[in-house]
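Subject: The model I promised you

Hi,

Have a look at it first, then read on.

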Amino acid sequence: MAALCHFPSAPASPRLFPLSRLLSPVSRASKPQYLLIAASRIENSIPNASTAGSRLRCFSSSSNAAASPVALPSDERESRSLGDITRPDFPILRQVVNGFNLVYFDNAATSQKPSAVLDVLNEYYETCNSNVHRGVHYLSAKATDAYEEARTKVATFVNAMDRREIVFTRNATEAINLVAYSWGLSNLRSGDEILLTVAEHHSAIVPWQIVSKKTGAILKYVGLTKEEVPDLDLLKGLLSKNTKLVVVHHVSNVLGSVLPIDDIVVWSHNVGAKILVDACQSVPHMIVDVQKLGVDFLVASSHKMCGPTGVGFLYGKIELLSSMPPFLGGGEMISDVFQDYSTYAEPPSRFEAGTPAIGEAIGLGAAIDYLSSISMQRIHNYEVELSNYLYHSLCSVPNLHIYGPAPSETVHRAALCSFNVEKIHPTDIATFLDEQHGVAIRSGHHCAQPLHRALGVTSSARASLYFYNTKEEVDAFIQALKDTIDFFTSTL
Amino acid sequence: ARSDPWRKKKEGREETRAKAEQSGREREMVVMEAAAIGSRFLNPGPNPNSITNPVLRAVPCRRRQPRLLAVRCVQTPSPRHNPNPARGPPLSCSAVASDQAAPAGIPRHRLAGLVDEFRSLSEPLDRVKRLLACAASLPAFPEAGRVPANRVMGCTAQVWLSVAVDELGRMRFAADSDSEITKGFCACLVSVLDGALPEEVLELRPEDFGDLNVVGLPVKAHSRINTWHNVLISMQKRTKALIAKREGRPSLDPFPSLVIGADGIEAKGSYAEAQVSSSSNKSG
């Protein structure tokens, strides 16, 4: 059963109109605030998407999977947003939550996966699953090739010089721990300093606390300016000949601010310090070029960039990785094993003990293919638009404070806003938004307790977007938020 | 004159008679209550909270010996008698006044009343409103109790919980939170468990509250996001510790969770302790 869907409450938008590829109405949807349009993919908008192993998902039995694009008037075709175009690739976004169409605004926590990635995962397990680097038979060779091809894709994606500079880990957290236990324990001594900002994610703080306890190194923190960004003058001032490592985020998962990594790298190298960049919130959303940035270490997680959970990566300069002792011991990372000692493999194998998340790494490769087919520049441009729209829409809500810098010509924010509403706890807001409106946002400290303490709050609410979100969804979110605030102010 | 011995005797007799009358009334109430309870248990209707005699509803509970399990004190009014269930008192979750301790067996009964009350509200929004009304009815938490030892760990809202044993060996709870919805859950927990026997506190399971079917309870798993589940576990863990202390037994060893601080790495963590307590609940 198919039905025509349209946006009843959105302002007259030339982008949205009924199309041939239709959604079956979901019977539970009792109060749709707005309805999704299933858009046929317009081939010339996404040149290579169809080659990424994707098949158009189809709920309606009557239309064909690879339906020919609807003949649209050319100006209408161009005015569809990237969100409208890519949404059909994400089956999970079509669901109904508590009677409302899902508005998923928790992308900084994890992203959704396009069918292209899901198909590749399935295909791996159906056709070439086998352990890697371990067998001479056909399946093993296929799996190994696919796995190593994924490594090459990641290296190309961040413009590493050498594919051996990419180490697959479980996630960014494990990658930071790898650097802490491997590089940190063998390079840090009593009195050495590690410089961080108060806005770091816990995964970028706790491993260094553990290592500094063991080595006698000291942690120093860069605080915030009144614009609620890390104070770069303070950072420069805290750098000294004792600083051995600088650990900074690229994009803050709470403040939405972006640090000038290329400058920080220069300052750090000038005092002889290495630098590790937490790129979890940047790699999925913009072009990240490790050559241009000049970083020593960089970490990111697959699941935040349309890839599966269970895999992430560490980028490290080859000369650094070559000098580092192993992190975890086991198979793959050895060269020869005797009873009383072993010799170790070269990087990256040295740091990949045990059977890796083979399918997942290949899935990450597929995610990179998908993102590249859209182009990271296009994703970034769209998200700047979305970010401004979200920020300014939230500004229209009274008694609401957004953390981080205000956007401007020179200050770009990520497409996320952490905020608090006076006198209403963020948990209450998030719970009500979910229950009464099907809107998913995050509440809590977002794994950044020191940051919240620096901001003077215990917790905040956070809405974080990705390229498959739309301005219409932002409108629905703002409407739901206003309704939520009205409810709590009238009841309390 | 006060010192008149005859007057004293008369006063004494009057006192005695008043006491006798009082205890007679008490016995009468006990009998009536027991009869009402008996008929309820013998004829389990769809609404176990329905009380035929409205007089009993408002009767304050008398303290009874723990062994007299047949005696019940009905404090919660039937939702049927509340013409406007979506608004205002009387609420099943109104916390018990601090000078009253309930007789044995009440928690399950109160919980059943609470579940009925929430179930009678078919709109999720009404259940949220009811939960917020429960939050508003929670007595003010003493500032002196807002100490780290009384924090219940969870990552979305701050919760404080105070636990004490009264002179009758019953557990007394008070709670507070900066999130209204969480506070509502705390109010429900406190209303069910305040004045309960330690074993009654320990036998309740988080799943028992799932029947409230109110917002914020979709996560059934033992997860740090499930704040009110952490509160119940915390109530149980601290109950066990207090009882162990009273009986001179050593309380359970804390789970060796680590705190990395300036002074060193030490074992701590009330959340982890709550985890190990809940898993050893049956044996503890």
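This is a predicted model: local features need pLDDT of at least 70, side-chain atom pairs count only at pLDDT 80 or more; totals for chains, interfaces and linings use all residues.

Let me start with helix 8 of chain A (residues 261-270), where Ile261(A), Ile264(A), Val265(A) and Ser268(A) are buried. Viewed down the helix axis, these buried residues fall within an arc of 105°, so they line one face of the helix; the arc is that of the directions from the axis to the C-beta atoms. The buried residues of helix 8 of chain A pack against helix 7 (232-238), strand 7 (243-249), strand 8 (274-278) and helix 9 (290-293) of chain A. After the helix comes Gly272(A), with a positive phi near 85°.

Residues are numbered from 1 along each chain as its sequence is written, chains are lettered from A and ligands numbered from 1 in the order in which they are written, and side-chain values use heavy atoms, with hydrogens and water left out.

As for terms, buried means under 20% relative accessible area, exposed over 50%, and partly exposed in between (1.4 Å probe, protein chains only). Helices (H or I, at least four residues) and strands (E, at least two) are DSSP runs, numbered from the N terminus.

Still in chain A, Glu193(A) sits in strand 5 (residues 193-197). Glu193(A) is buried, at a relative accessible area of 9%. Its side chain makes a polar contact (N or O atoms within 3.5 Å; within protein, one must be able to donate a hydrogen and the other to accept it, and residues adjacent in sequence count only if both atoms are side-chain atoms) with the side chain of Lys220(A), at 3.1 Å.

Over in chain B, there are nine helices and five strands, and buried residues make up 45% of its 284 residues. Three of the strands form an open antiparallel sheet in the order 1-2-3, with strand 1 (151-152) and strand 3 (171-177) of chain B at the edges. Strands pair if DSSP finds at least two bridges between them; seven join strand 2 (residues 159-165) to strand 3 of chain B. There, Trp160(B) stands opposite Asp176(B).

Cheers

Definitions and conventions
Contact means heavy atoms within 4.5 Å.
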